[in-house]
Amino acid sequence: MQAVQDSPVPDFVKNLQRVNTYEEVREIMTSRDFVMAGAAERTIFFEDTLIMSEGDRHNELKQLFAPLMSRQAIAYYELHLIEPVIRKVIEEIKGQPTADGFIRLDAVELVQIALTRISAYVTGVDDIDTPERTERFRQLVMQLSVATTGSFSKEPVERVLDKGRRAMTDLVDEFLRASLQRRIDLASRHHSGEIAADQLPRDVMMSLCLKNDLSRPDDGEKIPYVWRQSALFLTASIKTTSHALPHVFFHLDEWIKEHPEDRAKLTDVEFLHKVAAESFRLHQTSPARFRAAVRDVVLSTGRKVAKGEMVALHAPPANVQTEVFGDDARFFNPYRKTPQGIQPWGMTFGLGIHSCLGLNLVTGIRNTSDEKHGTHGTAVRIAKALYDLGAELDADNPWKRADRTLHDYFESMPMILRNA
Ligand code: HEM
């Protein structure tokens with residue numbers, strides 16, 4: 001089994017204070033003395049959205065969007081959205097059996113398409129249902145996603161940002177504007193008493209319409225506010241999950257080779273919850289996150305951060321720190337016991353007020369399949385759907401890692417479905 005290595009970081013990160021222990025990263029992320037920060041693309045695409053706001057404004061937005069990730073909402077999505085979407089996408093992409101009689105598919109493509117449809121629904125983008133519309137929408141969102149973390153691309157950042165701006169314009173023209181207009185009309189019919197609240201769609205754009213929080217005075221000079229909020233939810237959900245989930249299949253493949261006695265557990269949802277959480281711990285969405293100090297600060301470790309200074313939080317090495325996760329912290333072990341107060345995925349979904357709003361959608365409520373309290377989440381549902389069909393990595397067509405980026409993800413992961 002291979003040990004997980006630290007990802008390289010772009011040059012601008014090397015000029016910032018490097019914070020890479022679990023304790024210090026946690027202290028900063030949960031401190032009121034620090035605010036969200038980052039390279040210029042964060043402002044271009046996400047200014048004034050949930051992730052880039054602080055204090056009362058952040059609370060207000062969190063309350064607005066929290067119902068979209070409530071227990072009731074997740075239970076509804078699981079039954080009516082996630083499960084049917086996964087089944088439909090597998091049918092669409094699996095193609096014909098190859099000469100050996102087996103069906104093959106690319107797990108990266110599967111996760112991206114499924115997440116594209118699920119996230120379009122949660123964001124409030126209508127009619128992402130045919131293969132053609134899904135494909136066009138997926139390509140645009142992925143292009144936009146690369147731009148929202150442009151500093152981590154190996155292409156020149158200005159070129160990446162330009163492509164991202166163009167993708168945003170096309171997304172608005174081809175998909176978002178019509179969906180928003182439909183919701184503006186629904187909100188006005190709701191306010192006039194014609195439509196009850198429970199008849200309205202439950203999504204990000206509808207929530208913004210009902211609150212009448214749709215524009216900013218400087219919208220003419222920037223990517224308009226309402227599209228920035230939509231961009232946040234689309235990129236925060238599709239890119240992250242598509243990057244994270246193939247690592248689960250990779251680690252599980254290695255684990256089963258070394259622990260064949262666990263093969264029978266591939267369709268056991270409790271085991272898959274553990275597997276997914278441990279894999280999430282080992283791979284984060286970004287090699288570094290950023291926070292700026294709002295005043296001169298001295299951390300409990302004695303580290304000094306000046307007012308206005310931006311620090312780089314190297315969360316991936318913190319998540320494999322041996323003092324916290326044990327001597328084998330850089331290795332995959334689904335039976336790992338994490339210390340009390342630390343989630344099995346460490347800080348992969350963030351910590352403090354900006355921690356991931358979509359966590360329940362990914363891991364299920366409480367990361368358990370317990371019928372009474374838990375739900376599965378997209379990760380376990382997709383993994384279970386594949387392993388139910390006898391999925392294995394395709395030894396004849398090896399996976400390929402992404403190489404035009406500093407982000408840690410697979411570009412393709414061919415699988416054979418032995419029971420499809
Ligand atoms: C494997 C999948 C995912 C991972 C690893 C992940 C990770 C994260 C992390 C680390 C943060 C905090 C960033 C920071 O503090 O700098 C975050 C925030 C956020 N995530 Fe996720 N995320 C995932 C999926 C999703 C999904 C599916 C959604 C939406 C449906 C989502 C929506 C958000 C939003 C809106 C925020 C900002 C929250 C705030 O600032 O209050 N994420 N996520």
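Helix 10 and helix 11 meet through a defined set of residues. Ala244, His247, Val248, His251 and Leu252 in helix 10 contact Val275, Ala276, Ser279, Phe280 and Leu282 in helix 11; contact requires C-beta atoms, placed from the backbone, within 7 Å. These residues divide into 7 nonpolar, 3 polar and no charged. Here Ala, Val, Leu, Ile, Met, Phe, Trp, Tyr, Cys and Pro count as nonpolar, Asp, Glu, Lys and Arg as charged, and the others, Gly among them, as polar. The model is predicted: local features need pLDDT of at least 70, side-chain atom pairs count only at pLDDT 80 or more, and totals for chains, interfaces and linings use all residues. Residues are numbered from 1 along each chain as its sequence is written. Helices are DSSP runs (H or I, at least four residues), numbered from the N terminus.

Helix 10 (residues 225–258) and helix 11 (residues 269–282) pack at about 110 degrees, with axes 9 Å apart. Helix 10 is therefore roughly perpendicular to helix 11 (65 to 115 degrees). Axes are lines fitted to C-alpha atoms over the stretch in contact, and angles run from 0 to 180 degrees between N-to-C directions.

The loop between helix 10 and helix 11 holds lysine 265. Lysine 265 is partly exposed, with 18 other C-beta atoms within 10 Å. A residue is buried with 20 or more such neighbours, exposed with 12 or fewer, and partly exposed in between; C-beta atoms are placed from the backbone. Lysine 265 and tyrosine 387 are 122 residues apart in sequence, yet their C-alpha atoms are 9.6 Å apart.

Tyr387 is one of the buried residues of helix 15. In this helix, 9 of the 12 residues are buried, so helix 15 is largely enclosed by the rest of the structure. Just after helix 15, glycine 390 takes a positive phi of about 75 degrees.

Buried residues of helix 7 include Phe137, Arg138 and Leu140. Helix 3, helix 6, helix 8 and helix 10 are among the elements that cover the buried residues of helix 7.

Most residues other than glycine have a negative phi. Aspartate 48 has a positive phi of about 65 degrees. Aspartate 48 lies in the loop between helix 3 and helix 4 and is partly exposed, with 16 C-beta neighbours inside 10 Å.

Technical notes. Helices (H or I, at least four residues) and strands (E, at least two) are DSSP runs, numbered from the N terminus. Angles under 35 degrees count as roughly parallel, over 145 as roughly antiparallel, 65 to 115 as roughly perpendicular and the rest as oblique. Two residues are in contact if their C-beta atoms, placed from the backbone, lie within 7 Å.
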